[in-house]
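Open the model in your viewer and keep the selection tool to hand. The stops below are meant to be taken in order.

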Amino acid sequence: MRDPSSDTQAPPPRTEPSQTPPNKAAKRRPRRRRKPKATPAATPQSLENLLIETVRAKYQAMFGKAANDIPIDLNLSFQVVPGDPWRLDFDPPLEEQLGDVLEQHEARQSCFTQGRVYCFQCDAADCDHGVPGSPSEVFAGYDPVGQPRWCDMAQFLLDLKDERVDQLYRENGQVVARQLAGHHLKNRQLSPFGKSSKRFSLIGQVILGYLSMVGHGGERERLAISFQAVESRTPQGLIRLHLNVVMHGEDRDELETRLEEQYGWIRRARRQAEERLAGLEQQLAQLKKKGSGVKPRQLLRQVPEILQQLRQQLQQGYRQRQRRTKHAEERRALLRPIDKAMADVETARMEDFFFDTREETVILRGRRGRCHVFTQAGKHVTSFVIGENATHGRFRRGRWEPMDQNQCESFLTTLARLGSGGSSASG
Ligand SMILES: [Zn+2]
């Protein structure tokens with residue numbers, strides 16, 4: 001006797017064809033037809049093998065042999081549709097889902113992360129070795145087992161017998177830019193530890209220092225930056241060129257903003273180098289398509305020249321800025337900011353005080369665009385000169401807001417309590 005439940009549960013005969021109409025999913029149809037073949041004699045074991053084989057073949061077709069044994073998270077989305085025969089409904093199609101998953105997986109293995117130097121010893125860009133340990137350090141090359149080495153810029157220049165090292169210590173703080181070739185930075189690195197790896201290949205770098213920056217606590221610190229030209233590969237094997245800007249800072253975005261505000265000439269030099277590298281990258285991609293006789297290596301010889309231009313622009317930009325700031329009053333303001341700040345506080349009116357909503361500091365806007373920055377506790381952080389346009393920009397964006405009488409009086413009381421002697425955070 002037949003099991004009655006199987007009759008009552010049986011679905012009504014289907015009247016529509018089991019295939020989707022061609023206008024809806026012409027692309028999917030061939031893949032669906034392939035599926036049912038595997039099902040009749042499938043055991044869990046054979047199904048597993050089939051899945052492994054499918055993923056492996058797809059991976060190898062896309063990227064070649066897997067470089068490591070990092071597991072691939074595979075979440076496929078599909079429905080099992082009962083019918084005659086039963087079928088699997090993948091949406092999006094299986095090929096597409098697999099391709100997306102594998103591409104994301106491979107991109108996560110990529111060795112390039114902006115602002116970090118790849119560490120071949122840990123096989124990672126996000127280990128502790130990938131960034132300088134202090135603001136004054138630059139990348140000084142790889143050690144034999146592929147771990148990045150960091151060195152104070154002054155010490156590094158000494159090691160290189162660069163005579164400009166004493167300029168770093170002059171009273172008005174000269175800035176030095178120096179270019180180094182990739183092979184120089186990799187000469188101690190051993191081959192099994194990434195010396196000729198194309199996943200993260202350092203072509204060369206320009207180091208720049210020291211820039212005077214105001215730290216989180218209001219103290220001045222000396223910042224050095226390593227600008228690196230790095231070659232890497234996309235999952236499809238195309239050459240990528242990056243300008244890796246490496247510097248020490250807890251909050252990278254915040255540091256970049258301060259740097260751009262204080263040193264516009266760095267931003268301009270950096271953009272130009274980035275644009276030239278991007279242009280070269282495009283030429284390399286076209287080369288691959290056309291299959292012309294020119295070798296990528298030949299094009300890549302332009303990279304040192306791009307770095308050389310970057311070095312010149314950084315050095316020149318700094319000198320031009322020096323010339324512009326020779327104006328006596330600005331210079332006094334730069335040299336003894338605390339005296340100037342306190343003198344301006346004496347003569348300030350209430351409408352000269354503003355609250356910086358982003359930094360949560362108090363701004364005193366003095367004469368001729370000279371501004372003084374204080375913490376709310378009355379510590380003098382820094383002074384700078386700002387043009388009319390930039391000033392209006394800050395009001396318009398709501399970054400600077402007027403202070404009301406109470407806020408202003410309470411701030412002035414705090415300042416008076418500190419006295420002019422002990423309130424500097426920058427001296
Ligand atoms: Zn490491």
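**Whole chain.** This is a predicted model; local features need pLDDT of at least 70, side-chain atom pairs count only at pLDDT 80 or more, and totals for chains, interfaces and linings use all residues. Residues are numbered from 1 along each chain as its sequence is written. Colour by pLDDT, the predictor's confidence in each residue, from 0 to 100. The chain's mean is 81, and 80% of its residues reach 70 or more. Select residues 1-30, where pLDDT is below 50. At residues 420-427 pLDDT also stays under 50.

Now show the cartoon: 15 helices and 13 strands. Helices (H or I, at least four residues) and strands (E, at least two) are DSSP runs, numbered from the N terminus.

**The sheet.** Select β5, β6, β7 and β8. These 4 strands form an open antiparallel sheet in the order β5-β6-β7-β8, where pairing requires that DSSP finds at least two bridges between two strands. β5 and β8 are the edge strands, each with a single partner, so one side of each has no neighbour in the sheet. Next, keep β6 and β7, which are joined by 11 bridges. Pick Gly 204 and find its bridge partner in β7, Ala 229.

Two residues are in contact if their C-beta atoms, placed from the backbone, lie within 7 Å. Which residues of α9 are buried? They are Ile 266, Ala 269, Arg 270, Ala 273, Arg 276 and Leu 277. Buried here means 20 or more other C-beta atoms within 10 Å of a residue's own (exposed: 12 or fewer; partly exposed: in between), with C-beta atoms placed from the backbone.

**The cores.** A nonpolar core is a set of buried Ala, Val, Leu, Ile, Met, Phe, Trp, Tyr and Cys residues joined through C-beta atoms within 7 Å. The largest has 48 residues; Met 153, Val 206, Leu 208, Ala 224, Ala 229 and Leu 310 have the most contacts inside it. Elements that each supply at least two of its residues include β6, β7, α9 and α11. Centre on Ala 224: leaving aside neighbours within four places in sequence, its contacts include Met 153, Leu 208 and Tyr 210.
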